[in-house]
Amino acid sequence: MFRKVLIANRGEIAVRIIRTLREMGIATVAVYSEADRTSLHVRMADEAVAVGPAPSSESYLRTDRILAAARERGAEAIHPGYGFLSENADFAAACEDGGLVFIGPSAASIRMMGSKTAARRTAIAGGTPVVPGTESSVTLEEARAFTAVHGYPILLKAVAGGGGKGMRRVDRDAELESAFRNASSEAARSFRNAELYIERYVVRPRHIEIQLLGDRHGNMIHLGERECSLQRRHQKVIEECPSPLLTEYPEMREAMGAAAIGAARAAGYYNAGTVEFLVDPERRFYFLEMNTRLQVEHPVTELVTGLDLVRLQVEIAAGERLPFEQRDITWRGAAIEARIYAEDPYNDFLPFPGTLTRLDRPLGPGVRLDGCVYDGWTVPMEYDPLLAKLAIWGASREQARQRMIRALREYDVGGIRTNIGFFRQILEDEELRAGRLHTGFIEEFFERHQPPQPPADLAAVAALAASLHTAARVGAREAAPGAGNSRHSAWLESGRNEMLR
Ligand code: MV4
């Protein structure tokens with residue numbers, strides 16, 4: 001096993017990786033930019049190396065400085081986390097060329113899945129169903145020919161894409177040319193590759209992904225699915241395991257698991273990876289893409305399977321065999337994860353970095369909090385303002401949902417805006433409770449619900465809330481002795497919390 005590992009990342013995922021490495025008795029080397037001098041991952045690691053100024057292009061994406069830091073400090077392996085260099089095939093290759101182990105798949109697998117058309121061809125070779133479309137990039141004329149045969153709606157997608165950039169839905173001939181040009185120039189700007197391919201547009205799909213784990217000896221298993229249909233502008237908002245749909249149709253889990261393994265085997269895949277599927281309203285599923293990294297939402301899989309995916313990644317990278325087989329994997333209960341962001345959900349989710357003046361964390365049964373913040377820390381403006389992931393386990397989905405609402409009520413962050421209140425609203429939603437999820441859910445949610453008005457003057461509100469609270473308590477005692485105050489509003493609760501301080 002490795003004695004020392006460098007973590008080429010920041011924020012909550014760097015902290016999460018350091019925790020497992022510490023449990024394994026492996027020394028840790030953090031890297032950090034000037035903006036992250038005081039960040040938690042730097043404090044928690046055994047050693048830390050500065051790799052450059054705040055912009056990630058000058059620090060967390062600088063392969064040369066990161067490799068130099070690993071060599072200088074005697075690290076034997078590099079964990080890339082997610083984002084940054086995690087799906088950079090050249091970086092994976094540079095690690096191996098420099099005698100360092102990249103904790104992830106081979107550079108060849110990353111490269112293959114990085115091209116969405118190559119990924120589709122690989123999936124087809126592995127016997128995995130893909131959305132009907134083209135197997136290579138197309139010209140505008142070829143796009144016209146495709147729609148003449150297959151009709152509309154279609155989705156133009158960037159070959160080098162992912163994350164929705166360079167993607168355009170087209171519903172009729174008249175729109176095709178301008179959509180093609182727009183998508184192509186957006187792809188060129190985002191990925192320095194203007195190539196587009198075509199898929200049939202799947203209407204109101206669910207997004208369900210399968211977690212895979214393979215060792216370097218040819219063994220591969222799946223760890224079930226995550227339901228990731230709740231997204232906003234291609235950013236996941238809530239993830240859960242299991243998917244309410246597959247709880248209803250468990251035979252789909254086996255079929256999707258086998259399909260995911262087929263695609264990954266065709267890519268010669270090892271380490272942890274995720275195959276994303278679209279599921280249409282008739283419950284047909286289609287390969288969408290493969291993520292060749294640990295994912296943000298991996299904790300829900302960990303909570304339900306009882307496994308530590310980072311530990312397994314490290315063991316696999318060190319050449320060990322998978323310590324179990326498919327039949328040993330069991331799923332217990334249900335888990336839901338909420339991504340807690342410094343942002344204003346009622347002002348177009350604008351990032352809201354700043355200094356934390358107060359931090360009360362949720363605790364208690366079934367609560368897991370993967371965070372990177374502490375009281376007094378300033379959230380840097382330069383990066384994704386993810387503060388923490390609140391992952392909740394319950395014996396059932398409904399228990400996990402109720403527990404999540406309880407935990408969100410305990411969660412109190414001051415000094416910045418967060419999406420905590422928004423999650424409380426979403427988790428109370430009847431459609432969510434019923435498990436009727438699809439990728440248009442969040443948009444429709446905003447049509448169904450009015451945003452709660454944020455308090456304008458906290459001090460005045462606190463005073464008012466306190467007096468209302470007292471009145472309500474007296475009223476409640478008189479109306480129903482012993483009924484307590486469990487039905488008080490969020491207003492009263494926030495006012496009371498203010499007063500207690
Ligand atoms: C699709 C689709 C419908 N049909 N492909 C969005 C991000 C990218 N990874 C793939 N995406 C989609 N691909 C076909 N053929 C709808 C989406 C999509 C979506 C997918 C998953 C989660 C949220 C989404 C929101 C809008 C569109």
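The model is predicted, with local features needing pLDDT of at least 70, side-chain atom pairs counting only at pLDDT 80 or more, and totals for chains, interfaces and linings using all residues. Residues are numbered from 1 along each chain as its sequence is written, and side-chain values use heavy atoms, leaving out hydrogens and water.

A search of the whole structure turns up 12 aromatic pairs (rings of Phe, Tyr and Trp, the last by its six-membered ring, with centres within 6.5 Å; planes under 30 degrees apart are stacked, over 60 edge-to-face, the rest tilted). One of them joins Phe-91 and Phe-102, edge-to-face at 6.0 Å centre to centre and 80 degrees between the planes. Because Phe-91 lies in helix α4 (residues 89-97) and Phe-102 in strand β5 (residues 101-102), this pair ties together parts 11 residues apart in sequence. Helices (H or I, at least four residues) and strands (E, at least two) are DSSP runs, numbered from the N terminus. Both phenylalanines, Phe-91 and Phe-102, are buried (under 20% relative accessible area; exposed is over 50%, partly exposed in between, with a 1.4 Å probe and protein chains only).

Phe-349 and Phe-446 also pair up: their ring centres are 5.9 Å apart and the planes stand at 85 degrees, so this one is edge-to-face. It links distant parts of the chain, 97 residues apart, with Phe-349 in the loop between β15 (343-344) and β16 (350-351) and Phe-446 in helix α16 (residues 441-448). Phe-349 counts as buried at 10% relative accessibility, while Phe-446 is partly exposed at 31%.
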